[in-house]
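Hello,

Please find the structure below. My notes come after it.

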Amino acid sequence: MAVYAYRCPNCSEIEVVFPIGTASASASCPDCGATSVRVFSAPMLARTPTALSAQLQRAERSASEPEVVTSPPSRRGGPKVGVHPATSRLPRP
Ligand SMILES: [Zn+2]
């Protein structure tokens, strides 16, 4: 048995176990069922961490298919940018 990597269009890279030499060019994703294409990689070498790989794929995908949003991203939990303490003393309209 060997582990083969496939790239799901909805999720990220998935790994499927097949007997050696029997992996097909595509497989269905175990999470969403979408057809995933096989990804070839060098065996037994250090690989890009999954989280980093997912972000790189997302950035690559957004170059040709930008994600459409309906509202600005929430800044909850993030640092406040561009708010100077003196702005609270300015007159309000
Ligand atoms: Zn999937």
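Predicted model: local features only at pLDDT ≥ 70, side-chain atom pairs only at ≥ 80, totals over all residues.

Residues are numbered from 1 along each chain as its sequence is written.

The protein chain has one helix and four strands; these are DSSP runs, with helices being H or I of at least four residues and strands E of at least two, numbered from the N terminus. Along the sequence the pattern is β-β-β-β-α. The radius of gyration (taken over C-alpha atoms) is 21 Å, well over the 12 Å that the globule rule gives for 93 residues, so the chain is more spread out than a compact globule. That rule is 2.2 Å times the number of residues to the power 0.38. Along the principal axes, the C-alpha atoms fill a box of roughly 75 × 30 × 20 Å.

Of the 93 residues, 2% count as buried, that is, with 20 or more other C-beta atoms within 10 Å of their own, C-beta atoms being placed from the backbone.

The four strands form an open antiparallel sheet in the order E2-E1-E4-E3; strands pair if DSSP finds at least two bridges between them. Strand E2 (13-18) and strand E3 (26-28) are at the edges with a single partner strand each, so one side of each has no neighbour in the sheet. Strands E1 (residues 2-7) and E4 (residues 35-39) run antiparallel and are joined by three bridges. Arg7 stands opposite Val37 in E4.

Regards

Methods: Buried ≥ 20, exposed ≤ 12 C-beta atoms within 10 Å, placed from the backbone.
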